[in-house]
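Subject: A structure for you to look at

Hi,

Here is the structure I promised to pass on. Please open it first, and then read on.

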Amino acid sequence: MNDKVFNISSNPHVRSKLTTSSVMLGVVVSLLPAALFGIFHFGLRAFLIIAASVITAVLTEFIFDLIAKRPNTVKDGSAVVTGLLLALSLSPSVPLYIPIIGSIFGILFVKCFFGGLGKNFMNPALAARCFLLISFGTAMTTFKVDGVSSATPLADLAAGSTVKLSQIYLGYSNSVIGGSAIALLIGGLLLWVMNGITWEIPTATLVVFSLFIALFGGQGFSVPFILTHICAGGILMGAFFMATDPATSPMTSSGQLVFGAIVGLLAGLFRLFGSSSDSVSYAIILSNLFVPFIDKICIPKPLGYYGGRRNAKNIRIPRQAVNLLVITAVAGFGLAGVYSITKDKIEEQKLQASAASYKEVLPEAENFSYNEDIKAAVDALDGQPYDTAAYGRTFINDVVVGEAADGSVVGYVFDVSSADGFDGTITLALGMQADGTLTGISFTELNETAGMGMRADEPEFKDQFAGKNADQLVLIKSGGASGDNEINSVSGASVTSTAVLNAVNTALAFYAENVQ
Amino acid sequence: MSLKTFRGGVHPEEKKELSVGKPIEVYLPKGDLVFPLNQHIGKPAKPVVAKGDKVLAGQLIAEADGFVSANIVSSCSGTVKAIEERKLGTGAKATCIVIENDGNFTLQEGIGVEKDPDSLSNDEILAAIKKAGIVGMGGAGFPTNVKLMPKNPDNIEYIIANGCECEPYITCDDELMKKHARQIVIAMKLLMQLFENAAGVIAIEDNKPTAIEAMRGVCAKEKGLSVMPVQTKYPEGGERNLISVVTGRNLKGGQLPAELGCLVCNVASLYAIYRACCLNEPLMDRLVTVSGEGVANPHNMLVKLGTSMAELVEAAGGAAPGKEIKKVLSGGPMMGIPLISLDTPLCKNNNAITVFAEDPVEQAQLQMTACFRCGRCQQACPIGLVPQLMANAAERGDLDYYEKKLYGLDCFQCGSCTFVCPAKRPLMQTFKQAKAAIMAAKRK
């Protein structure tokens, strides 16, 4: 026995059972509730998207390793996690090429090109989602259930309508595949119990986000309002599964708190004041850029170098980190403040610019002004479709009050648009007398087919609206309209005519609800 | 109420059941006994015998050379065969006194004469400890008499008996506390006599209920002396962590416990102190755990110092049936030192021999992936370092950042980070290399 040389190595000589793949498996298991719920609710389509995304992610990494002559890293399971996360953040109605392109982008450009596992500086799934959002905006933001497109809960919320919280909790509402708040919550807690994530990032993110919504959401500390914002729009998935991605979040406890706070702040800022349909994804990938800096400043002092409290938790946020947070907060809140202050000014100018076209449809008015209540109702829509079920994608852009020289109200002008034109968006101004009688329409944006849809701008169609007074107008496609609520379609351009009618009817519905 | 513990740490499989509770074998060596002169921290001892001399068991064969050094006594009777440089199992070379064992173990006169512990003066206690050549027997090997002479003895407020034994596999301290609780308490009382302002605390992990009971039974009537069960977690017995848990005082790296009014003494050292002071027995033998999956009959043995480890592994039945020994550790699996060969003597600070038939490190290397920054190393570090950033800094050669900003030299190499790492990164190895590089640069 003595002539044999034994193995030598540095201590420790035993290792835990944990491996990279078992950690990744933990993440996949915690995403299963959300994935299964998505498949259960949205059906085969959701399953196909998940499968396409995961398989593409794994294949991309495999092929990259092969071409780059690197050791095969597929078995660590991180590509599966990326693919799954991406799929869960997609609408169930996206075409299958979307998850495939996304997975390739995320794995290849964001992960592999930066050195693979642990070296990427942005969450690959989120970077892919943002890439898709920018590249395929329409497909990414259309939510169709059983072929009927409808508004997302956030759009509903912005439109001032009551959102059924229970639906969002369960994930029944129109959202992404992994949109079930309760399933995400269960998965997140499961992951936390399995020590797959720490409490710091989700807590800091959600607390700061809620605070921001409460402070600037315009509804104060309204619990249902805040809960809806938390349950919808991906902040739960972001807080539990995306921001916590170990490769792109800080190492230390204090760093994670700072990071979570930045994510929450940016998500709140983008959600309330941003113009994009997504806030959380951008918030997280932007925050990812802070991570190397946070890692550099949030280094905890080891035992013996800080106050001698017994078993003191080593959470001490260094001054630089506080500074970083303060700067972000000041910038965020400052931006929000400046926006609120200048908002009226900007609108004043906008109003003057539009006055000419408004005058065309409501000639009796000497000047135009805003009514605060109506204005608030328009703002509450927040640029979201008014009622997708009834009118498709129509938007109330502006509503102004027309006043006579003596200041008495003579009527209203509605600036409305429909995104369902044959060739894009149709925007028009609709004039209405104080008693609800229409005075006419005027197109400010019309790009329909010449000789077909464009004929909507001819008097034959346009002039039909003046003098009508009805709750809703009806389009008569066969011609021969006679009733007070009937409009003849432009022959051969029913899509255009329908879009115009929908826009006008949206204005009428808005009038009935908020003005009358 | 949950027991006290520290932040961080890990829970390796304990594997103490392999050896715990089994009868303790008193093993008498057959071959030559080898005594390295540097088996303690400090200057190597100076031989006081020459080749060909006859020695008796308990006879001084090398004396402390300078302040931080320790005596070495023979543990058998026989003839000095050689004083020569030998290669030890760790691969290091050391001057050793080799004694040809005559097999009689004839004791030197006067050893074993009982003394009343209450009759000893402070100077007598210190002299007895120094004469016996006692060092920290938990692994450190720091001369105990030096530890017991701090600059300001009046400032010492805590004497902590370390009975945590947080390393997996090892059970010798457990067995010692079960069997010799009274003697350990007498030794604690002797130390408390040296330091009038100090309270005595015996810290034991709660996975040793019998030992806790035994120690409590003896302590019950003693004033100022208490047993403190602590949570079972590695490295609960690490000096900095133990002091923090027991006293709430936190040592910086490189700080001595005495600077914060603490003294930590392993229970095996305490038992040796009892024997030195009350039985006039120098440090000739110790309890050793021979355990691990690679050995047929894991158990504790009372072993003469200087015995070849090969003999001890044979005494434990040799390799487990059908298995081949792949790795041998002097100590436990977390901080133990791997041995190239078993042809090496048992030293004062060797508390265990752990024998593996499978090398977990070899398996871990197959599972190694890139670091994905999960942060488990940082959660596991018992002193609050950030191993992931340390490894990054060390790998890119930024040793200044490693040392100054990341407190890299505070790492006491407990191995928790490396144990827990799912990517199986060789963190500990990187840190050892970084430390060596920094130390080398400093010596220049």
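Below is what I found in it, taken one topic at a time.

This is a predicted model, in which local features need pLDDT of at least 70 and side-chain atom pairs count only at pLDDT 80 or more, while totals for chains, interfaces and linings use all residues. Residues are numbered from 1 along each chain as its sequence is written, and chains are lettered from A and ligands numbered from 1 in the order in which they are written.

Let me start with a helix pair. In chain B, helix H1 (residues 122-132) packs against helix H6 (residues 267-278) at about 110°, with 9 Å between their axes. (Helices, H or I of at least four residues, and strands, E of at least two, are DSSP runs numbered from the N terminus; axes are lines fitted to C-alpha atoms, for helices over the stretch in contact, and angles run from 0 to 180 degrees between N-to-C directions.) That makes H1(B) roughly perpendicular to H6(B), a label for angles of 65 to 115 degrees. H1(B) contributes B:Ile125, B:Ala128, B:Ile129 and B:Ala132 to the contact, and H6(B) contributes B:Ala272, B:Ile273, B:Ala276 and B:Cys277; contact means C-beta atoms, placed from the backbone, within 7 Å.

Next, chain A. Helix H10 (residues 200-216) of chain A has 17 residues and spans 24 Å from first C-alpha to last, close to the 24 Å expected at 1.5 Å a residue, where the expected span is 1.5 Å times one less than the number of residues. Its buried residues include A:Ile201, A:Leu206, A:Phe209 and A:Phe212. (Buried means 20 or more other C-beta atoms within 10 Å of a residue's own, exposed 12 or fewer, and partly exposed in between, with C-beta atoms placed from the backbone.) Among the elements covering the buried residues of H10(A) are helices H9 (181-193) and H13 (253-273) of chain A. Just after H10(A), A:Gly218 has a positive phi of about 85°.

A few backbone details are worth a look too. Most residues other than glycine have a negative phi, and most peptide bonds are trans. Here, cis peptide bonds join A:Asn11 to A:Pro12, with omega about -5°, and B:Tyr234 to B:Pro235, also with omega about -5°. B:Glu165 has a positive phi near 45° and counts as buried because 32 C-beta neighbours lie inside 10 Å. B:Lys424 has a positive phi of about 60° and is buried, with 21 other C-beta atoms within 10 Å.

Enjoy exploring!

How values were computed:
Parallel < 35°, antiparallel > 145°, perpendicular 65-115°, else oblique. Contact = placed C-beta atoms within 7 Å.
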